[in-house]
Each structure stands twice: as C-alpha cells, then as structure tokens.
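I opened a new entry for this model today.

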Amino acid sequence: MNEDKVKEMAKLLLSGAIMLAEQCPVCGAPLFRLKDNTIKCPSCGYTKTEKKEIKPKNTIGTEKEILAKKLELLLQSLEKSQDVNEIRTILEAIRIIHELIKET
Ligand SMILES: [Zn+2]
C-alpha cells in the first residue's frame, strides 16, 4: 500500500468515515462507509451505495438466531420442569419453534 492510499484512508477516517470489515471486490482493500452511506474503496476508488444491507452490528439477530436462542431456553426449562402442564406448554412451544425454523 503506498503513501497516497494511506493518506486517502486517513482523510476518510477524519471525515467521519467508518472502516468496514468488508473488502473491496476490485482490489481487496478494506472498504469505508462515508457519512452519506456511500461505500468507498480508498485504494482504487470503487464506490457503491447501499442502504439496505448496512446493519449495525450487535443489535438484533436474525429470526433464526432468535428462535434458536429461545429453543435453547425452552430446552433448559424443560429439563428442570416437573409440572406436567408446564412440560406440555414447553413442548408445544418447542414444536412451534421447530416448524418456524423449518420455514425460514
Ligand atoms: Zn478497491
């Protein structure tokens, strides 16, 4: 990486751009997201605008992830539960989650 590119990256960061984990499909350099949501490669000048795909990390999991977590909790309660009605309720919930996971 030459000095110009490093300078360009520094300039982007100073302007409030964020370095992404994503790499430039053209040259493989790390991509930056500018304040206006434009994705820019400081190395080769590749740009793309996308708003839908940008998700802030660690906010909400995918539907499947959430279901899988709930399933885990349900299985834990099932293991502890000794109440027939409660077990029945838990099993029903597990069955529904299984169906939902299959559908997604
Ligand atoms: Zn590039």
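I count two residues as in contact if their C-beta atoms, placed from the backbone, lie within 7 Å. With that cut-off I looked up the contacts in the protein with a separation of 6 or more: residues 24 or more positions apart account for 19% of them. I note here that the model is predicted.

**Overall fold**

I went through the secondary structure next. I found three helices and four strands. Read along the sequence, they follow the pattern α-β-β-β-β-α-α. I then checked burial. Of the 104 residues, 9% count as buried.

I took strand 1 and strand 2 in more detail. Strand 2 covers residues 30-33, and its antiparallel pairing with strand 1 runs over three bridges. I listed partners in strand 2: Arg33 is the bridge partner of Ile18, and Phe32 stands opposite Met19. The hairpin of these two strands has six residues between them, and there Gly28 takes a positive phi near 85 degrees.

How many of the six residues of strand 1 (residues 18-23) are buried? I got zero, so strand 1 lies largely in the open.

**Core and Leu31**

I searched for the largest nonpolar core. It has five residues: Ala17, Cys24, Leu31, Phe32 and Cys41.

Is Leu31 buried or exposed? I found 22 other C-beta atoms within 10 Å of Leu31. The cut-off for buried is 20 or more, so Leu31 counts as buried.

**Asn37**

Asn37 has a positive phi of about 75 degrees although it is not a glycine. I placed Asn37 in the loop between strand 2 and strand 3 (38-40). It has 10 other C-beta atoms within 10 Å. Exposed means 12 or fewer, so Asn37 is exposed.

**The helix pair**

I turned to helix 2 (residues 63-80) and helix 3 (residues 84-103). They pack at an angle of about 155 degrees, with their axes 10 Å apart. Why do I call helix 2 and helix 3 roughly antiparallel? Angles over 145 degrees count as roughly antiparallel, and the pair packs at about 155 degrees, so helix 2 and helix 3 fall in that class. Helix 2 passes helix 3 in a left-handed crossing.

I listed the residues that make the contact. From helix 2 they are Lys64, Leu67, Lys70, Leu71, Leu74, Ser77 and Leu78. From helix 3 they are Ile87, Ile90, Ala93, Ile94, Ile97, Leu100 and Ile101.

Technical notes:
Residues are numbered from 1 along each chain as its sequence is written. This is a predicted model: local features need pLDDT of at least 70, side-chain atom pairs count only at pLDDT 80 or more; totals for chains, interfaces and linings use all residues. Two strands pair if DSSP finds at least two bridges between them. A nonpolar core is a set of buried Ala, Val, Leu, Ile, Met, Phe, Trp, Tyr and Cys residues joined through C-beta atoms within 7 Å. Axes are lines fitted to C-alpha atoms, for helices over the stretch in contact, and angles run from 0 to 180 degrees between N-to-C directions. Angles under 35 degrees count as roughly parallel, over 145 as roughly antiparallel, 65 to 115 as roughly perpendicular and the rest as oblique. A crossing is left-handed if the near helix is turned anticlockwise from the far one by less than a right angle, and right-handed if clockwise.
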